[in-house]
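Please look at the model on the screen while I describe how some of its parts pack together.

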Amino acid sequence: MRAAKWVLTTVVLLFLLAPLLVVAIVSINQNRYMDFPPEGFSFHWYAELFNDIGWRSAIQKSLTVATASAALAVAVATPFAYVLRAYRIRLSPLLYAVGILPFMLPPVISALGAQVFWNSTGHAGQIENVIIAHAVFFSTLPLITISLAMETMDPALPEAAQTLGASPRTTFRTITLPLLVPSMITGFAAAFVLSLNEYIIAYLVAGFSVETLPIKIFNSLRYGFTPTIAAVSVVFILIAASVFTLFAIFGNLLRFLGADPAILDRQP
Amino acid sequence: MTERRKPTRGTYLVLGVPLAFLGVFFLLPFGIMVATSFYHRIPGGFYEAGFELASWRRLFSGVFLERTGFSLLISLLAGGVCIVVAFPFTYFLSRMRRRPHVALLIVVMSALSLSEVIVGFTWSVLLGRAAGLSNIMVWLGLMDEARAYQPGFLAVLLGLCYIAFPYCVLTLYPSLSRLDREVTEAAQTLGASPWRTFWTVVVPISRPIIMAGFLLVFVFTLGSYLISAILGRPEHWTLSVFISDQASFNANVPFAAAMALFLTVLSLAMVGIVMLIESRTRGAA
Amino acid sequence: MEARGGLKLQGLVKRFGEVTAVAGVDLELPAGRLISFLGPSGCGKTTLLRMIAGLETPTKGRVFLDGEDITDRAPHTRDIGMVFQTLALFPHLSVGGNIGYGLRIRDVPKDQVSGRVEELLALVSLEGLADRRISQLSGGQRQRVATARALALQPRLFLLDEPLSALDANLREQLQVELRLLQQKLGITTIMVTHDQREALTMSDLVVVMQAGRVEQVGEPLAVYRRPATAFVARFIGSTNLLEGRATASGRVRLMDRELDVTDAPPMTEGERVVLSVRPEEAHLSVADRPAGNALPGTVVFVRDLGEFFECYVDCGLPDPVVVAGSPRERVGVSQGDRVTVQFPPEACVVVRA
């Protein structure tokens with residue numbers, strides 16, 4: 001059993017790391033064409049990433065879309081989640097279902113829907129279309145995180161505020177909203193990261209005029225490969241790994257992922 | 001015991017704005033897509049308003065049924081492979097000491113944060129003929145010459161598993177890490193080896209979440225686009241790729257719309273089955 | 001301090017769908033006193049408190065504070081301070097932030113707020129902790145912060161919902177005394193919900209005993225203890241022996257083949273079923289042949305010698321064994337199986353409603 005445990009863990013570890021390693025090696029390859037064993041090493045593909053205007057534009061577009069759509073997603077989801085949990089609304093389960101529906105369906109459906117919608121308005125190919133389409137698709141994430149936060153909030157907290165003289169509006173502003181901020185940030189972060197990586201919606205909605213990073217990478221794969229793609233990937237990986245390591249050090253990564261803190265403390 | 005408050009007129013206004021947003025930018029496009037599925041396709045060009053069932057009839061064509069069958073098959077396989085590997089892996093992970101535990105989780109999360117297009121790219125390299133696994137094997141003397149395993153069925157399956165694996169682990173993790181240590185210890189005091197304990201105690205207890213993990217991967221890969229597009233030939237395309245292809249290059253948007261609606265029904269049916277099974281197992285538990 | 005905070009509850013009923021939590025309560029409570037709502041879980045005491053606070057709207061009935069009908073007023077317009085069972089301290093605010101919350105939302109100037117916060121911290125013996133985070137406090141400290149926060153605006157009513165239930169036994173007893181002394185010092189009308197009868201007896205001026213949504217008895221602690229009105233009250237507060245018999249023509253109670261004398265018995269009709277409550281510490285063991293007063297012979301079934309007191313369970317032929325309790329000095333030398341007589345004076349018998 002012990003042996004099986006280590007074999008499995010090693011295999012999975014290699015499986016998960018393999019692409020990361022490949023990409024790292026390719027990104028510092030001297031040559032344009034991939035070969036193995038590699039002929040020489042160079043960091044000039046990273047420089048290319050920041051010098052080439054095509055790549056810079058793609059990164060900038062992706063960041064714009066991600067920031068705007070994640071913010072819009074949170075702006076839409078917050079009042080939605082709050083009202084459904086704090087008030088008696090008829091049909092609230094149905095409304096909640098409508099809220100989570102976009103994300104539950106295969107993305108191609110939202111993508112096609114957005115495409116025919118914007119085509120019919122005559123406002124085709126604009127970056128705002130992508131922002132709105134992403135906001136709708138990813139609004140489910142903050143909706144879920146905020147609803148969960150509302151559900152796990154001690155119901156006595158707003159009551160305590162009321163006994164101290166706070167009107168419902170003041171209670172929301174000074175107590176409920178500040179306590180929802182962490183879940184709003186989590187929702188924003190999730191929507192941001194997913195929007196950054198999203199392909200099919202961005203492509204069908206405005207793929208020819210708004211070239212986001214995933215679209216550019218996909219096009220590069222089809223029409224001509226450069227190791228710059230690998231350089232982009234390595235940057236993404238490093239950012240993500242750093243964020244999670246920081247979280248593990250300063251936050252409580254394990255508790256965040258659902259582990260029971262009591263059980264954890266028992267382990268050496 | 002807190003009653004939800006009675007909504008005022010202002011409440012409906014606050015609710016109405018996001019609802020209107022979702023209505024206009026999700027429900028309305030969906031409605032337009034339904035209408036579009038009945039439109040007339042102009043060959044070699046766009047489409048015009050009309051009402052015909054040509055696109056819906058094509059749902060019964062061999063091509064479409066083949067794509068649907070393939071999508072279901074590869075999603076089932078991906079679900080099966082993922083859960084068979086992820087479950088024991090997560091179980092061992094949850095029992096590790098803190099340092100390797102956290103380190104492994106960081107690796108899993110880093111894999112999660114890779115975008116699908118990058119995963120497709122890296123596996124295309126790994127399974128290609130120029131700088132991939134087979135090249136390493138040749139270098140090590142274990143193979144005669146390099147081979148390309150992509151584009152191919154195995155490549156698509158591996159890619160899908162890679163994408164879905166971290167999600168599967170994260171779904172299993174909370175329950176497995178909360179699994180009472182004393183339950184397995186009790187089994188061992190009764191004479192069961194770790195191997196037997198795993199199969200006779202851990203797996204049966206975890207049946208609901210095993211099911212949840214499997215269905216998560218299944219539904220998730222059903223909607224996947226990029227892996228199949230990058231790592232597969234047209235015969236390995238999933239429905240999402242096929243629909244997107246019809247919507248962009250072939251410019252047969254009505255047909256794409258009809259297929260998308262079919263896929264919607266299929267996905268909702270899968271989610272419905274998930275919920276049914278979940279409520280059944282919860283009742284039995 | 002003039003006594004403000006006189007409460008009148010008139011015909012209060014609260015139904016949650018099919019469930020009736022409060023089935024009709026009428027109470028007039030004096031100002032400036034500590035009153036306990038005491039009862040088992042589900043008896044409606046918390047619901048009653050929440051109706052006073054305005055956190056639940058009564059299905060029927062009215063609430064009056066100092067003569068004013070406040071039934072329709074929202075909780076933030078009532079002049080109350082409340083300590084919740086979960087304490088409900090605001091996690092995103094510091095200790096000072098919590099205590100000063102009520103003042104800050106009324107736009108009281110900052111320096112005045114911090115002055116008052118310091119005052120209140122001194123009142124609950126937590127000086128200098130204004131900048132601490134809530135997560136850094138111990139259970140007892142949190143309780144005190146919740147108390148200080150509730151009293152910050154000098155409310156007319158101080159409401160407490162099982163405030164000490166989350167604390168361990170030693171801390172709980174210490175805080176019971178502290179809270180009581182604080183209340184007496186401020187002279188504030190205080191209503192406390194508890195299921196712990198010892199807590200109620202320790203702290204209260206008045207005890208309201210509740211069961212199944214109704215008030216069983218209202219009275220001063222010792223009065224409720226010595227003269228319980230119903231069998232429920234007799235059993236819930238302290239422990240007791242319940243002896244069931246029939247009234248005789250001469251005003252005595254017939255139990256098996258004995259007739260018992262009862263002091264201050266209410267008028268009874270002959271043959272009427274009567275339940276007597278006799279506290280174990282009022283009963284004694286006797287080995288004499290013909291003991292005086294009310295006496296029941298029996299056999300010792302079990303003895304608990306607990307050092308500071310003992311308990312002796314005697315089977316007298318009744319459905320339940322009769323319990324005799326006393327200090328070690330009164331410990332007659334009996335053991336399991338001995339024949340004894342349980343003796344209790346007429347003053348110790350209380351007629352209770354079954």
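The crossing of helix α7(A) and helix α9(A) is right-handed. Please bear in mind that this is a predicted model. Two packed helices are described by the angle between their axes and by the distance between those axes. For α7, residues 140–152 of chain A, and α9, residues 168–197 of chain A, the angle is about 160° and the axes are 8 Å apart. Because angles over 145 degrees count as roughly antiparallel, α7(A) is roughly antiparallel to α9(A).

Which residues of α7(A) and α9(A) make the contact? On the α7(A) side they include A:Leu141, A:Ile146 and A:Leu148. On the α9(A) side, A:Leu180, A:Met184 and A:Phe188 are among them. Sorted by class, this contact of α7(A) with α9(A) has 10 nonpolar and 4 polar residues, with no charged ones.

Let us now consider chain A as a whole. It has 14 helices and 0 strands. Of its 268 residues, 45% count as buried. Among the contacts in chain A with a separation of 6 or more, 74% come from residues 24 or more positions apart.

Finally, I turn to the neighbouring chain. The contact between chains takes 16 residues from chain A and 17 residues from chain C. Which elements of chain A give two or more residues to the side that touches chain C? They are α8 (156–163) and α9 of chain A. With 6 residues, α8(A) gives the most to that side. The residues of chain A on this side comprise 8 nonpolar, 6 polar and 2 charged.

Methods:
Residues numbered from 1 in each chain as written. Chains lettered and ligands numbered in written order. Predicted model: local features only at pLDDT ≥ 70, side-chain atom pairs only at ≥ 80, totals over all residues. Axes fitted to C-alpha atoms, helices over the stretch in contact; angles between N-to-C directions. Helix = DSSP H or I, 4+ residues; strand = E, 2+ residues; numbered from the N terminus. Parallel < 35°, antiparallel > 145°, perpendicular 65-115°, else oblique. Left-handed = near helix turned anticlockwise from the far one by under 90°. Contact = placed C-beta atoms within 7 Å. Nonpolar A, V, L, I, M, F, W, Y, C, P; charged D, E, K, R; others polar. Buried ≥ 20, exposed ≤ 12 C-beta atoms within 10 Å, placed from the backbone.
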